[in-house]
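Take a look at the sequence and the 3D structure below. Then read on for a short tour of a few residues and their surroundings.

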Amino acid sequence: GLFVEKSTIYTFGTTESLTSDAFISAYDGKGVLQFRKVIDGGGSEYISAVASDGVGNFWLVGGDTLPTPSTSVDSRTSTAINPDSSTVEVIPAQREDIRNIVLWKFTPATQNITRYALNYGSSILATAISADSKGISIVAYTLVKGVAINLLINVKSSGEFNQPITVGNKGTTINGVQRQSDGSIVLIGSITEKLGSATPSGKRDAILIKVTNNKVAQIAQSTAKNGEREWLSIGSSTFLAGTTKVGKNIQVAVTKFANFKPVWNFTYPSTGSAVGFLNSSGAYLAYGTSQGISLNAYSTKGVLGNIYLTPGAQTPLGLAYSKELGLVLLATSGNQSFLFTPTSG
């Protein structure tokens, strides 16, 4: 994933060894690595999403396990015949399931990282986060009798976790979360089951859910007749990006909502990956095509402006913005990651 602060670009992810370790890397505006912080508590760690609280901190959500017990080494000598000089492969112990939801508060001004955790008691996977000055909201999955169930977990700025809230059943998928100024929380994703007042009319309907006082208060849905539609990412002011699939045809859709009603919308042929971003300077959509990534710029009122293209087939992962750097795009291709900024020519 990706976030920016002034003239510094930050990426985060997971690196593999005998355990998995989380990391945060910092680059200058030219893409030169400045530093890399590895988060390793001795067990396995991962980071899946990040959000700014608007008061100088970035909150990264993921999970970790207890430190892995060290394995004793057999120091006895062996007289076995080994004509091929074969080495004995060291097989690490099987990793434990991750039962901790973890928040890391990262403050760029000091580079401090503070850990807050909730032991859920069973396997849990965090997927999305939203933050503001009043707290943090997390979306996660857990398994109940082998079925994936969505959880919404609210956390105070002090790091105190509230009781998780279940949203929908096995036919509901939640991909994003956004905290609202009125104290409500918006969730996005898709349904193949009845959820509140919403009943799917396609094979899969995209949904926009408003949660107030820990209960579903309002739902808006978007349908692809005889097809599948899903919201994948949410930006500020309820700016959504997602996909529509009818037969073998896949399109990316971007829609600006206001009061749970669509204000403007665009669709484009795509390979099925998309991220959106909106701020006071405009709205942006990055989506994958067979030729590369198309990065479209719009006014806040939905007027299409410049279109930028990346060379080669890639998958967009994240968009971020600062007034010092402008827009930054993180993308992957194969086993490599790339940072892009829009340029003409």
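## Phenylalanine 23 and its contacts

Phenylalanine 23 is in contact with Thr11, Phe12, Gly13, Thr14, Thr15, Arg36, Lys37, Val38 and Ile47, leaving aside its neighbours within four places in sequence. Keep in mind that this model is predicted. Phenylalanine 23 belongs to strand β3, which covers residues 20-27.

Is phenylalanine 23 buried or exposed? Its relative accessibility is 13%, so phenylalanine 23 counts as buried. The cut-off for buried is under 20%. Phenylalanine 23 and serine 133 are 110 residues apart along the chain, and their C-alpha atoms are separated by 25 Å.

## Threonine 65 in a loop

Threonine 65 sits in the loop between β6 (58-64) and β7 (100-107). Threonine 65 has 10% relative accessibility, so this loop residue counts as buried. A polar atom of its side chain lies 2.9 Å from the backbone nitrogen of serine 44.

## A sheet of four strands

Now move further along the chain. An open sheet is formed by 4 strands, in the order β21-β22-β23-β24, with antiparallel pairing. Which strands are at the edges? They are β21 (274-279) and β24, and each pairs on one side only. On average, neighbouring strands of this sheet are turned by 15° against each other, direction ignored.

Look at the partners of β23. Strand β22 (residues 282-288) runs antiparallel to β23, and 6 bridges join the two. Here glycine 288 stands opposite isoleucine 293 in β23. Strand β24 (residues 304-309) also runs antiparallel to β23, with 4 bridges between them. β23 and β24 form a hairpin, with 5 residues between the strands. In the turn, glycine 302 has a positive phi of about 95°.

## Asparagine 296 in strand β23

Asparagine 296 lies in β23, which spans residues 293-298. Asparagine 296 counts as buried because its relative accessibility is 0%.

What does the side chain of asparagine 296 join in a polar contact? Its partner is the side chain of serine 294, at 2.8 Å. In a regular strand, side chains alternate between the two faces of the sheet.

Leaving aside neighbours within four places in sequence, the contacts of asparagine 296 are Tyr268, Ala283, Tyr284, Leu285, Tyr287, Leu304, Asn306 and Ile307.

Conventions: Residues are numbered from 1 along each chain as its sequence is written. This is a predicted model: local features need pLDDT of at least 70, side-chain atom pairs count only at pLDDT 80 or more; totals for chains, interfaces and linings use all residues. Side-chain values use heavy atoms; hydrogens and water are left out. Buried means under 20% relative accessible area, exposed over 50%, partly exposed in between (1.4 Å probe, protein chains only). A polar contact is a pair of N or O atoms within 3.5 Å; within protein, one must be able to donate a hydrogen and the other to accept it, and residues adjacent in sequence count only if both atoms are side-chain atoms. Contact means heavy atoms within 4.5 Å. Two strands pair if DSSP finds at least two bridges between them. Axes are lines fitted to C-alpha atoms, for helices over the stretch in contact, and angles run from 0 to 180 degrees between N-to-C directions.
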